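Let's take a look at the packing inside this protein. We'll go through its nonpolar cores and then its aromatic rings.

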Amino acid sequence: MINNTNASSPYSHQPQSPQTTSKTLVVGLTGGIGSGKSAASAWFAEQGVDIIDADVIAHEIVAKGSDTLRKIQKKFGDWVLDDNGSMDRAAVRTHVFANAEALIELEAITHPAIRETAKAQLASSTSPYLILSAPLLLEGAEAGLANLCQRILVMDATADTQLARASQRDHQSVQKIKAIMTNQLGREERNRQADDVILNESDLAALYLQLQPLHQEYLKLAQQLKYAAD
């Protein structure tokens, strides 16, 4: 099911800053854990659409020797590094989950780097439109990435489906998956903020059937945006 909640407006999720305005249509892709974001991203990539993945960027910016990692080390101490000089992700994760102030301090370092990297990738893309994938795009915790998007596409699934998929894929406990879901927007609120919603309750073939017309619609909107900017 495709729900074009703002179909009358070509690109209704307008960026909030003129600095983010682009001739290229940027579609923000999000959804709860186990909703099918990765499967959708992979399909769009097969159609020649560039994918900017916030999770990938978040890992890249704290690579060994990076400026961002040095800032984190300076802020929190040498304990954030493992014996190889890479970030000890488990230690940092445990620390910030137990300390809300530390999480805010960490995000103050990482979020600007995530956003700038995403903007650089947007600027270098040559595909007709782009997908910017971020799990917490609408929660406001992904470095303000929603402001870089003209439309928001939400992958939707019931809680039971999310639990089943995430437990099979990640081999995580139901309790941990539910904790992750609790930190994400509720299903109704997420869908309310979307321009397009795909209910992904079946197999990949059914998902692809829903993505195809949406892809064609995005191609049309991308052309409209390009002509309007010229």
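Setting aside neighbours within four places in sequence, Leu-132 is in contact (heavy atoms within 4.5 Å) with Val-26, Val-27, Gly-28, Leu-29, Ile-52, Leu-145, Leu-148 and Cys-149. This is a predicted model, where local features need pLDDT of at least 70 and side-chain atom pairs count only at pLDDT 80 or more, while totals for chains, interfaces and linings use all residues. Residues are numbered from 1 along each chain as its sequence is written, and side-chain values use heavy atoms, leaving out hydrogens and water.

Leu-132 also turns up with Ile-52, Ile-72 and Leu-145 among the residues with the most contacts inside the largest nonpolar core, which has 33 residues. Such a core is a set of buried Ala, Val, Leu, Ile, Met, Phe, Trp, Tyr and Cys residues joined through side-chain atoms within 4.5 Å; buried means under 20% relative accessible area (1.4 Å probe, protein chains only). Helix α5 gives the most to this core, with 7 residues. Apart from it lies another core of 19 residues, including Trp-43 and Tyr-129.

Now the rings. There are 4 aromatic pairs, counting Phe, Tyr and Trp rings (six-membered ring for Trp) with centres within 6.5 Å. Phe-44 and Tyr-129 make one that is edge-to-face (planes over 60 degrees apart), at 6.4 Å centre to centre and 80° between the planes. The partners sit 85 residues apart, in helix α1 and strand β4.

| Residue | Relative accessible area |
|---|---|
| Phe-44 | 0%, buried |
| Tyr-129 | 0%, buried |

Definitions and conventions
Buried means under 20% relative accessible area, exposed over 50%, partly exposed in between (1.4 Å probe, protein chains only). Helices (H or I, at least four residues) and strands (E, at least two) are DSSP runs, numbered from the N terminus. Rings of Phe, Tyr and Trp (its six-membered ring) pair if their centres lie within 6.5 Å; planes under 30 degrees apart count as stacked, over 60 as edge-to-face and the rest as tilted.
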